[in-house]
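Reader: I am new to reading protein models. Can we go through one together, feature by feature?

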Amino acid sequence: MLSPDLVIAIAVGYVGLLFLIAYVSDRRSRSGKASFLRSPFVYTLAISVYCTSWTFYGAVGSAARNGLEYLAIYLGPSVVFIGWWFILRRLVRISHNQRITSIADLLSSRFGKSSRLAVLITIIAVIGIAPYIALQLKAVTSSIQAIAGVGEFPGRSIRGIDEVGLALGVAAAMALFTIFFGTRHVDAKEQHHGVVAAIAFEALVKLTALLAVGCFVIYAGGGFEAIFARAEAQGIAVITSDTFGSRWVAMNILSVAAIICLPRQFQVTVVENSNENHLRTAAWAFPAYMLLMSIFILPIALFGLTTMPPGASPDMFTLTLPLAANQQGLALFAFVGGFSSATSMIILESIALSIMVSNHIVMPIMLRFTAGKGLGEGQAVSSLLLNSRRFSIVLILFLGFFYFYLTRDSDALAPIGLISFTGIAQFMPAVVAALFWREASQRGATAAIAVGFVLWAWTSFMPSFETSSPLVASLMAEGPWGLGWLRPQALFGLEGIDPLVHAVFWSLFLNTSTLVLVSLFSSPSALERVQAALFMDLFRSSA
Amino acid sequence: MDRKLVSAALFITLLGSLLVLSPVASVIQMQQRIFGVPADLIYLFVCWAALIGAAFWLSRRLPHEPEAEPRDDESR
């Protein structure tokens, strides 16, 4: 068995390597020597930060539990990138023209530079991402435990540290790394060439690691056909008849929204884009990357289900299958791959969120307090900005840890991620309206996002505390004040459908309706009209 | 010609979403296997690969907008 100390030392060494890559790339790009950093392939690999430990570990678990369903998370984004001409190209063009720095900035800019809207979006994003960060912490924690051989013996722990302590340690280390990575200097365009280079490197590591485990499983299982045949012989439903039902549609909608609205995806795809034409490469290369990532997921899941002892967590098959075959080198590689997928997500997501928090919440407050006096020299502003980002990064990771702590009894990874996706998807109607609907108004967008957020919090976020809070459990069983039609998973009497579909339907339906109705019944301000025109007439010649 | 290419891009995007979402996918979902692998799994991956191929072909031909000045960082 690999010792915990060795595993942790390798993880720390790997992060050191990442830091070195980021540092060298930053220096080279500032001296103008790193033309490869501006290649479309580095851009595409950075976008692959979309594949987190949800993909690396969670997708296998999801495939083991629900079959083909895991593919929806990658098909939606593929379609968005294949249709880059229609949405992504507009987003990149607008953001270049308007110097947009985040999804909050984008919507606030379109809707009359509304700071209220920017604050609302930032707060929702920080809350909505907490489960997603928790998922990464959970995956890293479980992977350390699995590889150090404590997974099968839940009583034992690494040198007396239990799961919660380990997760706290991981969260603290991640906060520290992210602060080192992302808050060394302030860039007016909010671009981080060094971080992007490190993320691109991580994309290669996690892809090769997953492919290596996949090839090993195909080899050990005697080929695709044998793996499927054995699974079927053991009574595992290889072919299910309800894959393409409402859940499939809901997950596709969520993943389409996520690839556009997730703060880190907006950061890599739009803000870090240095050349619009890079989208041409990403349009096919990113879907191809995701195809490669998902090709072995189902075989790994089925092979795990047939060969591992019952009760082994399917979320950890990527790691435990090589371990069970005593392939320690491969297991270590798989661990590094999974660690890669988690660190890239945490680093980039918390950088993107911290930019939103500092630009839209901390700085406006500071400017108000120091009104008339000024903030002093540029140096002081920049250090204030950096400190507020450091503080936000710590806050974001703490929220993630806190969510992990409260929901640590839930076993599967993928459902946690879907909670975040549903929350972030509440920005999608406003984004589409911002790009394509001139009459959409600031009041409409603000009301829509607020309504969507409340419904998400009620139908998706709160129910995840059912196991840890008796209050939530009783709300879910009886509804508030005994009002059965307000039950979080049977809202307005809509019973008997999948909770995910229920939450996605109500939140996005009422979100979009509010957006349309309030926009129709309110009149935009002059500034809103100007901004709407800028967004609408993007590709019209300025003559 | 450019307009036709943009139309083709829109067609492929919409077709792609229909192929993986609509009843088409359910029709494929027969209880069948190809080389022992469930037909719906093969169907999704084949669609996916075909869409990637189409996107590869199109992305090189779609018009380059004249005012698309690359945001270059040489000055820094």
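**Loops, helices and a crossing**

Author: We start in a loop: A:Lys113 lies between helix 6 and helix 7 (115–147) of chain A. Keep in mind that this is a predicted model.

Reader: What is the phi of A:Lys113?

Author: First the general idea. Most residues other than glycine have a negative phi. A:Lys113 is not a glycine, yet its phi is positive, about 50°.

Reader: How many C-beta neighbours does A:Lys113 have inside 10 Å?

Author: The count is 17. A residue needs 20 or more to be buried and 12 or fewer to be exposed. So A:Lys113 counts as partly exposed.

Reader: Where is A:Arg99 found?

Author: In chain A, in the loop between helix 5 (88–98) and helix 6 (103–110). A:Arg99 has a positive phi near 55°, and this residue is not a glycine either. A:Arg99 has 13 other C-beta atoms within 10 Å, so it is partly exposed.

Reader: Now helix 7 of chain A. What should its 33 residues span?

Author: Count 1.5 Å a residue, and helix 7 of chain A should span 48 Å. The end C-alpha atoms of this helix are 47 Å apart, which agrees.

Reader: Where does helix 7 of chain A bend?

Author: At A:Ala130, by about 35°. A proline, A:Pro131, follows within four residues.

Reader: Is helix 7 of chain A largely enclosed or largely open?

Author: Count the buried residues. They number 28 of the 33 in helix 7 of chain A, so the rest of the structure largely encloses this helix.

Reader: How are two packed helices described?

Author: By the angle between their axes and the distance between the axes. Take helix 19 (residues 428–436) and helix 22 (residues 499–520) of chain A: their axes come within 9 Å and cross at roughly 35°. The crossing of helix 19 and helix 22 of chain A is right-handed.

Reader: Which residues meet there, in helix 19 and helix 22 of chain A?

Author: Helix 19 of chain A brings A:Pro429, A:Ala430 and A:Ala433. Helix 22 of chain A brings A:Leu508, A:Asn511, A:Thr512 and A:Leu515. By class, this contact has five nonpolar residues, two polar ones and no charged ones.

Reader: And why might spacing matter along an α-helix?

Author: An α-helix has 3.6 residues a turn, so residues three or four places apart point the same way.

Reader: Last, chain B. In what order do its elements run?

Author: From the N terminus, chain B reads α-α-β-β-α. That is three helices and two strands. Of the 76 residues in chain B, 25% are buried.

Notes:
Residues numbered from 1 in each chain as written. Chains lettered and ligands numbered in written order. Predicted model: local features only at pLDDT ≥ 70, side-chain atom pairs only at ≥ 80, totals over all residues. Axes fitted to C-alpha atoms, helices over the stretch in contact; angles between N-to-C directions. Left-handed = near helix turned anticlockwise from the far one by under 90°. Contact = placed C-beta atoms within 7 Å. Nonpolar A, V, L, I, M, F, W, Y, C, P; charged D, E, K, R; others polar. Expected span 1.5 Å × (residues − 1). Bend = angle between axes of the 7 residues up to and from the residue.
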